[in-house]
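Hi everyone, thanks for coming.

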Amino acid sequence: MLAEMRIQGLGAIDDAALEPHPGLTVLTGETGAGKTMVVTGLILLGGGRAESSRVAEGAGRALVEGRFTANGAALRLAEEVGADTDEDGSLIAVRTVNSDGRSRAHLGGRSVPVGVLSRLSEAVLAVHGQNDQLRLMRPAQQRAVLDRYAGESVTAPLGEYRTVRERWRQVCASLTERRDGARQLAREADLLRHGLAEIEAVDPRQGEDVELVDEARRLAAADDLRAAAGRAKAAMSGSDGADELTSPDAEDQPGALGLLGAARRLLAGSGDPQLARLEPRLAEADVLLVDIAAELSGYLDALDADPERLQTVLARQAELRALTRKYAADTDGVLRWAEQATERLAGIDTSDEAITALQAERDTLEAELTGHAGTISTARRSAAGRLAKAVTEELTGLAMPDAKLLVELTRRPAEAADGTGVRLEGQWVHAGPDGVDEVELRLVPHAGSPPVPLHRGASGGELSRVMLALEVVLAGADPVPTMVFDEVDAGVGGRAAVEIGRRLARLAGSHQVIVVTHLAQVAAYADRHVVVDKRGSSANGAAQSRVRTLSEADRVVELARMLAGLDDTSTGRAHAEELLATANSDKTESRSGSGRRRTRAG
């Protein structure tokens with residue numbers, strides 16, 4: 001629960017501290033004094049939207065700090081984000097909002113994302129304002145109220161339902177795609193098969209196009225290459241071995257090998273040691289030239305000048321070019337395209353077997369989904385009757401003795417097998433993310449009047465009481481320890497206001513309750529009465545308010561003011577004292593009765 005709260009620079013509140021009672025704390029004050037800033041502060045602590053307009057004029061920032069007596073969920077969150085608790089086990093949350101709209105959040109002395117405070121709020125704090133009354137008119141919110149009341153009997157199968165539904169929708173979408181796009185997919189598959197068949201017929205090898213270019217170049221220049229190699233051989237070996245490749249006018253002359261041999265002989269027989277030392281080096285050159293001459297002979301023997309082979313290579317190049325024009329820039333790219341085409345062809349299988357397999361999976365998932373939907377509907381119908389009865393009893397105590405709340409469940413029809421519905425109890429119904437049920441709260445405000453939806457026939461005062469009755473009924477199923485009500489009594493007065501005070505006091509027996517109210521009948525039931533009042537203006541002329549806890553004597557004055565502005569008359573104070581005495585008596589009797597009931601239950 002909320003043990004302490006501090007507000008600085010928020011709206012009209014310059015600096016204020018608040019220590020709510022573990023039971024019922026009531027905040028009152030004149031219009032415009034800044035009561036709602038306390039609720040705004042709690043919303044900020046709960047990770048709500050930060051608005052720079054809320055920062056007090058002239059202040060650089062607004063700060064809200066709350067110290068919570070942490071429950072198990074809050075402690076687990078603190079451990080998860082590395083936040084520290086105080087010595088007494090409490091957890092401190094801080095939210096700051098700068099005048100430029102930027103905000104920061106801290107939990108347990110550690111800077112955290114604002115979303116962490118939202119998660120903390122889910123564990124420790126629930127704020128109910130006039131916006132919640134508007135949300136209560138929405139069908140989705142009404143279904144959420146019923147599910148909250150039903151508890152585990154709905155939430156457990158609903159989780160399984162959502163998991164199965166997600167897979168079911170994927171299968172239905174895939175099946176629809178295969179059916180609707182079957183013609184286009186079939187054309188694509190035909191093109192892929194044609195391409196693969198064409199590539200398979202040519203059967204290219206990796207790098208084959210590069211190899212053929214080199215071979216074709218050699219074959220096309222075979223005569224020129226033979227002449228060049230022959231003349232080179234003749235130059236080394238002499239014209240005798242050059243045969244027809246040697247130039248016709250060349251005279252017989254020794255080759256390089258003959259000249260080299262003659263040079264070796266001359267040096268060896270010179271009789272000069274210095275010249276003789278050069279001969280071994282010429283011998284090395286002689287060996288090298290002999291090797292080159294042998295390689296030239298081998299090259300000439302292997303050189304293919306077959307015109308038929310050249311035509312074969314050119315024809316093969318033409319086949320490969322036909323593939324590279326269609327599928328890729330080279331042979332390697334063509335082979336990669338074939339691999340990708342094979343994978344794609346497997347993925348767009350439009351055969352009857354593939355569609356049959358998908359249909360079978362869809363039917364299996366649909367049967368499972370229908371089972372979960374039926375379980376959820378049964379649990380909701382059971383809870384709907386109990387919720388309607390409990391809220392109707394509460395409305396009787398809230399000065400609506402003839403009113404009844406009805407919780408009606410309907411189902412939206414769906415087309416057969418359109419991928420959005422399931423067949424349940426002989427009908428095709430829409431299967432949404434929250435099941436197949438549409439929930440509507442209807443109110444019978446008076447005896448003999450027809451039931452009307454809340455968003456059509458309920459007045460502001462009736463809607464306030466319906467929401468309070470729901471909260472009282474749901475309190476037992478709500479793990480949140482602190483509940484905040486901002487003007488939940490709007491549009492209510494007289495006896496109904498007294499009954500709202502009683503219900504809030506009773507709710508405070510199991511929860512910490514903080515209420516902002518304009519009604520003295522509600523404020524009289526407070527365990528702690530806090531007033532927000534104006535105390536003057538700041539240096540720049542902006543109004544400033546203070547937050548103070550009232551003594552019993554001050555409570556009488558404040559209640560007299562709230563009753564009719566008679567805080568300075570004996571009549572007004574007498575009325576306030578009487579109201580306060582009645583409320584105290586009601587609380588004492590109610591709590592002692594609760595104690596006796598708890599004793600008997602034990």
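Residues are numbered from 1 along each chain as its sequence is written, and side-chain values use heavy atoms, with hydrogens and water left out.

So, what is the mean pLDDT of the chain? The mean is 84, and 89% of the residues reach 70 or more; pLDDT is the predictor's confidence in each residue, from 0 to 100. Over residues 241-251, though, the pLDDT is below 50. Residues 595-602 also stay under 50. Where pLDDT is low, the predicted coordinates should not be read in detail.

Now the inside. A nonpolar core here is a set of buried Ala, Val, Leu, Ile, Met, Phe, Trp, Tyr and Cys residues joined through side-chain atoms within 4.5 Å. Buried means under 20% relative accessible area, exposed over 50%, and partly exposed in between, using a 1.4 Å probe and protein chains only. The largest nonpolar core has 82 residues, and Leu-387 and Leu-395 are among those with the most contacts inside it. Which helix gives the most to this core? Helix 15 does, with 14 residues. Helices (H or I, at least four residues) and strands (E, at least two) are DSSP runs, numbered from the N terminus. A separate core has 44 residues, including Leu-27 and Ile-514.

Next, charges. A search of the whole structure finds 35 salt bridges, each a side-chain nitrogen of Lys or Arg within 4 Å of a carboxyl oxygen of Asp or Glu. Take Arg-148 and Glu-471, whose closest N and O atoms are 3.2 Å apart. Arg-148 lies in helix 5 and Glu-471 in helix 17, so this pair ties together parts that are 323 residues apart in sequence. Is Glu-471 buried or exposed? At 5% relative accessibility, Glu-471 is buried, while Arg-148, at 27%, is partly exposed.

Last, find Ala-399, in the loop between helix 15 and strand 9. Ala-399 and Arg-495 are 96 residues apart in sequence, but 6.5 Å apart in space, C-alpha to C-alpha. Beyond four places in sequence, the contacts of Ala-399 (heavy atoms within 4.5 Å) include Arg-465 and Glu-499. Glu-499 also belongs to a network of salt bridges with Glu-394, Arg-502, Arg-503, Arg-506 and Asp-586.

Note on methods
Predicted model: local features only at pLDDT ≥ 70, side-chain atom pairs only at ≥ 80, totals over all residues.
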